Amino acid sequence: MALRLGIGMIIAALVAPLTILVVPFFGVMGSQLTAYATMIAICAEVMFWGGIALMGRDTWRAIRDHGWRRTPRRILEVVRAG
């Protein structure tokens, strides 16, 4: 359960910066736009590292041992296996 929640948080963290492009269409300009963009960036970063933490120590070891490029494949194998 925590693994899937962690993956969901990481995906949300990767999609969150795209919302910065949508904010100006709501009539937000100037310093408010900067504040919203900063808040979204910080929240995305927290969600990303929180997702890594939820995925557990084994996932972090896989990232460290195999590198970032091979990690998604390893995570998908773990999710498929249960």
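A crossing is called left-handed if the near helix is turned anticlockwise from the far one by less than a right angle, and right-handed if clockwise. In this predicted model, local features need pLDDT of at least 70 and side-chain atom pairs count only at pLDDT 80 or more, while totals for chains, interfaces and linings use all residues. Residues are numbered from 1 along each chain as its sequence is written, and side-chain values use heavy atoms, with hydrogens and water left out.

H1 passes H2 in a left-handed crossing; helices are DSSP runs (H or I, at least four residues) numbered from the N terminus. The axes of the two helices come within 7 Å and cross at roughly 160°, where axes are lines fitted to C-alpha atoms over the stretch in contact and angles run from 0 to 180 degrees between N-to-C directions. H1 and H2 are therefore roughly antiparallel (over 145 degrees; under 35 is roughly parallel, 65 to 115 roughly perpendicular and the rest oblique).

Contact means heavy atoms within 4.5 Å. From H1, residues including Leu-3, Ile-7 and Ile-10 meet residues of H2, among them Met-47, Phe-48 and Met-55. This contact of H1 with H2 has 14 nonpolar, three polar and no charged residues (Ala, Val, Leu, Ile, Met, Phe, Trp, Tyr, Cys and Pro count as nonpolar, Asp, Glu, Lys and Arg as charged, and the others, Gly among them, as polar).

## Helix H1 against helix H4

H1 and H4 pack at an angle of about 140°, with their axes 10 Å apart. That makes H1 oblique to H4. The crossing of H1 past H4 is left-handed.

Leu-3, Arg-4 and Ile-7 of H1 meet Ile-75, Val-78 and Val-79 of H4. By class, the contact of H1 with H4 has five nonpolar, no polar and one charged residues.

## The largest pocket

The largest pocket has a volume of about 250 Å³. A pocket is an open set of points on a 1 Å grid over the protein atoms alone, where a 1.4 Å probe fits, with protein on both sides within 12 Å along at least five of seven lines; lining residues have an atom within 4 Å of a point. Grid points are joined across faces, edges and corners, and a volume is the space filled by probe spheres set on the points.

The lining comprises 14 residues, with Ile-10, Met-55, Thr-71, Pro-72 and Ile-75 nearest the centre of the pocket. Helices H1 (2–15), H2 (31–55), H3 (57–66) and H4 (71–81) each supply at least two residues of this lining. Twelve of the lining residues are nonpolar, two are polar and none is charged.
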